[in-house]
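Work through the exercises below with the sequence and model at hand. Try each task before reading its solution.

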Amino acid sequence: MTPPYRVGDELPPLEIPVTRTLIVAGAIASRDYQDVHHDAASAREKGSPDIFMNILTTNGLVGRYITDHFGPTAVLRKVAIRLGAPNYPGDVLRLTGRITELRTADTSSGGASPGDASSYEVVDAVEAVVQVTGGNGIGRHVTGTVAVTLPEPSAKRAGA
């Protein structure tokens with residue numbers, strides 16, 4: 001069974017309001033205590049008009065965008081992003097994506113040992129590669145590529 005995806009498919013956009021709370025909470029959650037992510041006066045002293053989002057928060061939002069679209073069984077395999085324009089409070093981050101590649105991926109799971117065919121599963125899966133971009137009022141905030149495994153609905157038991 002082939003998933004209902006094709007190369008060239010566009011993912012629906014996701015708009016995320018950029019709030020002070022999101023910026024500060026993302027920095028704290030990722031243990032990034034740089035003052036430019038929570039202290040507006042320090043950010044201004046360093047040349048920024050306000051606090052701004054860190055890369056780990058952006059990375060997490062890109063991952064969320066992909067898993068929100070493909071569902072709870074999707075597994076992120078690789079997320080590679082590059083930042084551009086900063087995300088400041090009061091703006092909106094708009095993420096978009098396009099499937100650029102679909103390929104078969106074999107994954108294995110379970111089993112007490114690889115030789116025990118009675119409990120070792122081999123699952124045929126599809127890996128999608130998605131080009132993601134995210135913009136805000138200033139310009140392009142993020143560009144990247146995400147590889148995500150999409151398990152087929154029916155898993156096959158080894159030896160079956």
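**Exercise 1.** Classify L56: buried, partly exposed or exposed?

*Solution.* Start with the cut-offs: buried is under 20% relative accessible area, exposed is over 50%, and partly exposed lies in between (1.4 Å probe, protein chains only). L56 has 46% relative accessibility, so it counts as partly exposed. Its place is in helix α3; helices are DSSP runs of H or I, at least four residues, numbered from the N terminus.

This is a predicted model: local features need pLDDT of at least 70, side-chain atom pairs count only at pLDDT 80 or more, and totals for chains, interfaces and linings use all residues. Residues are numbered from 1 along each chain as its sequence is written, and side-chain values use heavy atoms, with hydrogens and water left out.

**Exercise 2.** Which residues of α1 are buried, and where do they pack?

*Solution.* Helix α1 spans residues 20-29, with I23, G26 and A27 buried. Down the axis, the buried residues of α1 fall within an arc of 100 degrees, so they line one face (directions from the helix axis to the C-beta atoms). They pack against α3. T21 and A29, on the other side of α1, are exposed.

Methods. Helices (H or I, at least four residues) and strands (E, at least two) are DSSP runs, numbered from the N terminus. Contact means heavy atoms within 4.5 Å.
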